[in-house]
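Here is a short tour of a model with its sequence beside it. Have a look at the structure first, and then read on.

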Amino acid sequence: MAMNEKYSYKDFTYKTFLDTKPEEWNDSEVICSCFYNEKPKSDSFPAGIKGVKFIRCNLDNIVIPKDCTVEGGCNRLIQVQKDGEDWLLDENLKPVEPLDKAQYIKLGLSISPVALPTSAKSVSVTQEKRQQLEDALQAQIKALEDAASWR
Amino acid sequence: MAAATMYVTPAGAGAKTGATWAAAMGEAEFEADLEAGAEAGDIYYVAGGNYTLDSAYDASARDGTAIGPISIIGVKTGTSAEPPVWADWADGNMEGGADDRPVFVCAANAVAFGDYYKLFNISFTTTVSSTVGNGLGNVLFNCKSTQQSPNANRYAFTLGTETSAIFCEACGLVGTGVVGQLFRMGTSTCVFCWAHDGQTGFYLNAVRARVLFCVMEDLSVTGINCVAASGFTILNNTIHDCVVGITGNAATATIIVNNLLEGCTTDGIIFSTQTDGNFFWKNHGDDARNNDMWDGVATTMPHMDAEVSTGDPLFDGDGNLSLAAGSPCINNALAAILGT
C-alpha cells in the first residue's frame with residue numbers, strides 16, 4: 001500500500017475532512033500526521049472511506065472509520081476538565097486520570113477524578129500550583145538577599 | 001558514555017540509530033533517546049518536516065551541564081553534511097524568508113526539557129496548558145511556539161531560571177487572542193523576540209527578568225506584565241496595538257527605557273501602585289495614541305520620564321514596524337560621546 005503523500009507527515013490539529021472525497025484516502029497509508037480535535041469522539045474523516053492504515057498518527061478524540069486500521073500512534077479520549085487541564089476519559093466520557101499524570105504527582109496534586117473542582121478554574125491547577133511554588137521561591141530569594149545585604 | 005552527535009528526520013532512515021543521516025532516528029527513536037539516553041554534550045540535528053507526538057516528551061530528568069549542554073538544532077530538509085554547517089540551519093520567518101524549521105506537532109502532549117539545553121531553530125505547535133517547559137540555564141534561539149488551544153490561560157513558552165530566548169516567536173491562533181501567557185518568564189531573558197495574537201506577551205514572574213529589543217502586537221491583555229517582584233529590565237521594545245502596553249502592578253527597582261508604545265487602547269504603562277523607585281527614560285508614546293500613557297506613573301520630576309517623546313511614530317507600512325523618515329523615534333535614544 002502506498003503512502004498517502006497528501007495526508008502524511010502533516011499537522012491537521014483541529015481540522016476536519018468531512019468534505020473531502022473518499023478517493024483521496026482509500027487504500028493508502030497515512031503516516032505520522034496529527035488529527036487531534038478538541039471534542040471527544042469527533043468525526044473527522046469522510047463517510048465511506050476504506051482501507052486506510054493510519055501509522056503512528058495522533059488520532060486523539062477522533063473516531064476511526066470502521067473499515068480503516070491503526071498501527072501505533074495514539075487514539076485516546078481527552079478533554080479539558082474544570083481544573084483547566086486535559087484528562088483521559090473512559091468510553092462514557094468520564095474523566096479517569098490527568099493526561100500529564102507525572103506532572104500532577106510531581107506537583108503533589110491529586111490524580112483522582114473525585115478531586116476535580118465543581119466549578120471551572122480560570123487558571124489551571126498545575127499553573128496555580130507552580131505559581132505558589134514560584135512565589136515561595138521568590139520569597140526565599142528575597143529573604144536571602146536581605147540577609148546578605150551589605151547593610 | 002561519550003557525548004554523541006545524532007541525526008533525526010521525520011521518517012528516520014536505515015537502522016535508525018541516529019549515527020548518520022543514512023541511519024537517522026525517526027520521531028519515536030528521538031523521543032526514546034532524549035528521555036532515556038540524552039547526556040551532557042549530546043547534539044541532535046533535526047531535519048525539517050513535521051514530527052507528530054503520540055505521547056508527552058519528558059526530558060526534565062535529562063540534564064546537560066553548563067559546559068556540556070544538550071543541543072537540539074533544526075536544520076533544513078535534505079541536509080546531508082555531517083555535521084551540518086551554519087548554512088544548513090533552518091530559518092525562521094521573522095525576516096520574511098521561508099520558515100523551514102522542523103515542527104514538533106504536540107497537540108495535547110506536553111514537552112518539557114531539563115537543565116542546560118540549547119534549542120535552536122525548532123518550532124512547536126501545542127494545545128497543552130503549560131508546554132515547551134524549560135529547566136535551568138537553557139538557550140532558545142530562533143524557536144517558535146504556537147499555542148493552538150481555544151481555551152484561555154494557556155502558555156506558549158515556559159522559561160525557567162537563567163534561561164534565554166533569542167529571536168523567538170510565540171503566538172496563539174492568529175485572531176483568537178485567547179492564549180494566556182506567550183512567554184512565561186522566570187528569572188530569564190528574552191531578546192529580539194516576538195509575541196503576538198494572545199492575551200499577555202511577556203509574563204515576568206520572577207525577579208530580574210529582562211525583555212529587550214522585543215516586539216509585541218495584537219495582545220488582548222498586555223504586552224508585558226511585571227508580576228509582584230522587582231528588578232525587571234524592559235528596554236528597547238516595540239509594543240503595538242495591544243490593550244495595555246506594560247502592566248507594572250507594584251514592581252520595584254524596574255527599568256523601563258527606550259520603549260515605543262503605539263496604539264494601546266487602554267493604557268500605555270500602568271502601575272496599580274505608583275512606585276517612584278522605578279526608572280523611566282526615553283520612552284515614546286502619549287495619551288492621544290495610547291489612551292492613557294502614564295497610568296499610575298509619576299508625572300513630576302524626578303520620577304517621571306523626563307525625555308519621553310510623543311506623536312505618530314510613523315511606521316512605514318511594511319508590516320515590520322520599521323520607522324519611516326521623519327519619525328520622532330529615530331535617533332531619540334541616548335546619544336553617547338565615546339572617548340573623544
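The report below takes the chains in turn and then turns to where they touch.

## A first look

Please keep in mind that this is a predicted model. Chain A contains two helices and six strands, while chain B has two helices and 27 strands.

How do the two chains fill space? The C-alpha trace of chain A spans about 75 × 35 × 25 Å along its principal axes. For chain B, the C-alpha atoms fill a box of roughly 70 × 45 × 40 Å, again taken along the principal axes.

## Chain A: overall build

Reading from the N terminus, the elements of chain A follow the order β-β-β-β-β-β-α-α. With a radius of gyration of 22 Å, well over the 15 Å that the globule rule gives for 151 residues, chain A is more spread out than a compact globule.

Of the 151 residues in chain A, 34% are buried. If you take the contacts in chain A between residues at least 6 apart in sequence, 41% of them join residues at least 24 apart.

## Chain A: a parallel sheet

One open sheet of chain A has three strands in the order β1-β2-β3, with parallel pairing. Its edge strands are β1 (29-31) and β3 (69-71) of chain A, and each of these pairs on one side only. On average, neighbouring strands of this sheet are turned by 20 degrees against each other, direction ignored.

Which residue of β2(A) is the bridge partner of A:E29? That partner is A:K53.

## Chain A: an antiparallel sheet

Another open sheet of three strands in chain A has the order β4-β5-β6, and here the pairing is antiparallel. At its edges stand β4 (78-80) and β6 (95-98) of chain A; each has a single partner strand, so one side of each is left without a neighbour in the sheet. The twist from one strand to the next averages 40 degrees.

Strand β5 (residues 86-89) of chain A is linked to β6(A) by three bridges, and these strands run antiparallel. Within that pair, A:W87 has A:P98 in β6(A) as its bridge partner.

## Chain A: the helix α2

Helix α2 (residues 125-148) of chain A has 24 residues. From its first C-alpha to its last it reaches 34 Å, close to the 34 Å expected at 1.5 Å a residue.

Which residues of α2(A) are buried? They are A:V125, A:T126 and A:Q127. The cover over these buried residues includes α1 (101-107) of chain A.

## Chain B: overall build

Chain B has a radius of gyration of 21 Å, close to the 20 Å that the globule rule gives for 340 residues, so chain B is as compact as a globular protein of that length. Buried residues account for 55% of the 340 residues of chain B.

Among the contacts in chain B with a separation of 6 or more, 47% are between residues 24 or more positions apart.

## Chain B: strands and a helix

In β27(B), B:W294 is the bridge partner of B:I269.

The buried residues of α1(B) are B:E27, B:F30, B:E31, B:D33 and B:L34. Among the elements covering them are β1 (5-8), β2 (43-47), β3 and β4 (57-59) of chain B.

## Where the chains touch

How many residues of each chain are in contact with the other? In chain B there are 29, and they contact 33 residues of chain A. On the side of chain B that touches chain A, α1 (27-36), β3 (50-52) and β6 (103-107) of chain B each supply at least two residues. The most comes from β6(B), with three residues.

How values were computed:
Residues are numbered from 1 along each chain as its sequence is written. Chains are lettered from A and ligands numbered from 1 in the order in which they are written. This is a predicted model: local features need pLDDT of at least 70, side-chain atom pairs count only at pLDDT 80 or more; totals for chains, interfaces and linings use all residues. Two strands pair if DSSP finds at least two bridges between them. Helices (H or I, at least four residues) and strands (E, at least two) are DSSP runs, numbered from the N terminus. The expected span of a helix is 1.5 Å times one less than its number of residues. A residue is buried if 20 or more other C-beta atoms lie within 10 Å of its own, exposed if 12 or fewer, and partly exposed in between; C-beta atoms are placed from the backbone. Two residues are in contact if their C-beta atoms, placed from the backbone, lie within 7 Å. Axes are lines fitted to C-alpha atoms, for helices over the stretch in contact, and angles run from 0 to 180 degrees between N-to-C directions. The radius of gyration is taken over C-alpha atoms; the globule rule is 2.2 Å times the number of residues to the power 0.38.
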